[in-house]
Amino acid sequence: MSKNFLLVNGGAGRARRGNQLKTLLEATGQRPNLEVHVLESGDNVGQIVRRAIQQGAKVVGVAGGDGTINSVASALVDTAIPLVVIPFGTLNHFARDIGVPTQFEPALDLFDSDQQITIDVGEVNGFYFLNNSSVGIYPSLVHQREKYEKRLGKWLAYGLAGWNVLRRPNLMHIKLKVGGQTQDLKVGIIFFSNNRAEVSPLAAGHRPRLDGQILDAFIVEAASPFELFRVTASFLRNRLEQSPLVTRSEVDEAIVYTRRRHLRVACDGEIHRTSSPLNYRIHAEALILKVPPTLEEAAKSEEKAKA
């Protein structure tokens, strides 16, 4: 295979709106050098990507939400194969952070672009994350949301799950080891972002850069549902970092010990079960991305074309 390869999640959030899946597949059909695989139930994403590389794919793309992007990217970590991201999920956090256009044609043009960057990737116990990973309330919220989603839809399910989790939070006793020092804490959530993230309500999670080689760690100490509501209120008022219940630090690795033998960990919105301790670390410059040119580079290209 000398073609480029694109894996499409036909069940992604955007795919379920109107004729978006049909429009995307029609656009890919106009590109003879692009082989497309639409995911089916039971498909192993990692195996599909590795097989495509073995057959000669030089660039691998993914059209899906953050979870699908994570699955494809995980198979490309520490390889020389660049990744192209086509925004096809509901929120598309990662695609927005790297500036990929939402229109299909310019996004597909990235397969032939010479513009690429190398970014960091986070990891916990063998699971990679491009955006963030967390332990505690958020994995519980996602687990509950998935139980309600088919019956209520995504956003109502999120609301009900959020209410249940905040009303009866399953707080954790942990030991956190960072830089040789260990702390005993009772926490509602531990959150690690791949590089420094914005915490204002309107831009929460956005990362201005992805090559700073750090994990942005938030530890939310809480001993009661009331204290968790206080933290939520601080976030909504854009005062999260002023909360006495929140500690923020930049690390390149951390170890989380819990009393539980097995626990749920969220990585880019997908839930994994793993065992304690949790070993978090950053992999510097581990993934190659095809990206749009910066505004300055685009202006230079336009001037060159006019000359």
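User: Which residue does R196 meet in a salt bridge?
Analyst: This is a predicted model. In it, the side chain of R196 forms a salt bridge with that of E250, at 3.0 Å from N to O.

User: Where do R196 and E250 lie?
Analyst: R196 is in the loop between β9 (181–194) and β10 (215–221), and E250 is in strand β11 (residues 246–251), so the pair ties together parts 54 residues apart in sequence.

User: Is R196 buried, exposed or in between? And what about E250?
Analyst: R196 is partly exposed, with a relative accessible area of 38%. E250 is also partly exposed, at 45%.

User: What does R248 pair with?
Analyst: R248 has a salt bridge to D216, and their closest N and O atoms are 2.6 Å apart. Since R248 sits in strand β11 and D216 in strand β10, this pair ties together parts that are 32 residues apart in sequence.

User: Why does D216 count as buried?
Analyst: Its relative accessibility is 0%, and buried means under 20%.

User: And D184, what is its partner?
Analyst: K175, with the two side chains meeting in a salt bridge at 2.6 Å, N to O. D184 counts as exposed because its relative accessibility is 58%, while K175 is partly exposed at 39%.

User: How many salt bridges does the structure hold?
Analyst: Nine. R31, E105 and D109 are linked in a network of salt bridges.

User: Changing topic: where is M172?
Analyst: M172 lies in strand β8, which covers residues 172–178. At 3% relative accessibility, M172 counts as buried.

User: What is M172 in contact with, leaving aside neighbours within four places in sequence?
Analyst: V135, G136, L185, K186, V187, R260 and L263.

User: How far is M172 from P293?
Analyst: Their C-alpha atoms are separated by 44 Å, and the two residues are 121 apart along the chain.

User: Now the second largest pocket. How much space lies in it?
Analyst: About 270 Å³. It is lined by 14 residues, of which G67, N70, S71, E270 and H272 are the closest to its centre.

User: Which element gives the most to that lining?
Analyst: α3, with five residues. The elements that each supply at least two residues are α3 (66–74), β6 (127–129) and β14 (270–275).

User: How do the lining residues divide into nonpolar, polar and charged?
Analyst: The lining of the second largest pocket has five nonpolar residues, eight polar and one charged.

Notes:
Residues numbered from 1 in each chain as written. Predicted model: local features only at pLDDT ≥ 70, side-chain atom pairs only at ≥ 80, totals over all residues. Heavy atoms only, no water. 1 Å grid on protein atoms, 1.4 Å probe; cavity = no way out; pocket = protein on both sides within 12 Å on 5 of 7 lines; lining within 4 Å. Points joined across faces, edges and corners; volume = space filled by probe spheres on them. Helix = DSSP H or I, 4+ residues; strand = E, 2+ residues; numbered from the N terminus. Nonpolar A, V, L, I, M, F, W, Y, C, P; charged D, E, K, R; others polar. Buried < 20%, exposed > 50% of the residue type's maximum accessible area, 1.4 Å probe, protein only. Contact = heavy atoms within 4.5 Å. Salt bridge = Lys/Arg side-chain N within 4 Å of Asp/Glu carboxyl O.
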